[in-house]
Amino acid sequence: MKKIVLLFIMVFSTLPLIAAEAAINYNGEVVNVKGNFPIVGAKAPVARVTEPDFSIKTIGGKSERVQVIATVPSIDTPICSAQSKRFDDEIKQFDGVDMTVVSMDLPYADDRFCKGHGIKNISIASDFAYREVGENYGVIVTDGELKGLLIRAVFVIGKNGRVVYQEIVPNVGDEPDFKKIMQAIKTASSHN
């Protein structure tokens, strides 16, 4: 009986994660992504990322702050760079929000970007060492020119560790919907 109950709890507790492959558009071509994509209401997976100084930051899960995780293919591309700078500018209006932009870029590139753009309000981090964000959030490209990189996606996580907003940008060349993201952060910040 204990084995059956334990199995039920394990299956039931993972239902909000969709383990599936999906496809996005990159330069007119379809590229596939895989991993465990957490839907709204799901527990946000915990993942380790490497910061520009090579320290390890843990993101996802319960926190005393609302968290925002944005994934991008590379901080060195014009769209990813502009998106990250805009997030840095807009996130400062919210107290108690921890935002992390994650790519597969090396911490050296992240450090150069932060210093070159005066990034002060968000963290820029790398998934290169652990690859937990790509797999745990279902945002790693499995084929084509971008194989091994992360797609453009955003997850807003409430203090309770649950995903309150998620967006997978269907075209890698487009930015996410900043208005919806800021509204989700505002809503999550107003709840204890």
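Predicted model: local features only at pLDDT ≥ 70, side-chain atom pairs only at ≥ 80, totals over all residues.
Local features were considered at pLDDT of at least 70 and side-chain atom pairs only at pLDDT 80 or more, whereas totals for chains, interfaces and linings use all residues. Residues are numbered from 1 along each chain as its sequence is written, and side-chain values rest on heavy atoms, with hydrogens and water left out.

Val156 lies in strand β11, residues 153-157, where strands (E, at least two residues) and helices (H or I, at least four) are DSSP runs numbered from the N terminus. Contacts of Val156 (heavy atoms within 4.5 Å), not counting residues up to four places away in sequence, include Val68, Val164, Ile181, Ala184, Ile185 and Ala188.

Helix α5 (residues 178-190) comprises 13 residues, and its buried residues are Phe178, Ile181, Met182, Ala184, Ile185 and Ala188. These cover an arc of only 160° around the axis, which places them on the same side of α5, the arc being that of the directions from the helix axis to the C-beta atoms. On the other side of α5, Lys179, Lys180, Lys186 and Ser190 are exposed. The buried residues of α5 pack against β7 (66-71), α2 (78-91), β8 (97-103), β11 and β12 (163-168).

Note on methods: Expected span 1.5 Å × (residues − 1). Buried < 20%, exposed > 50% of the residue type's maximum accessible area, 1.4 Å probe, protein only.
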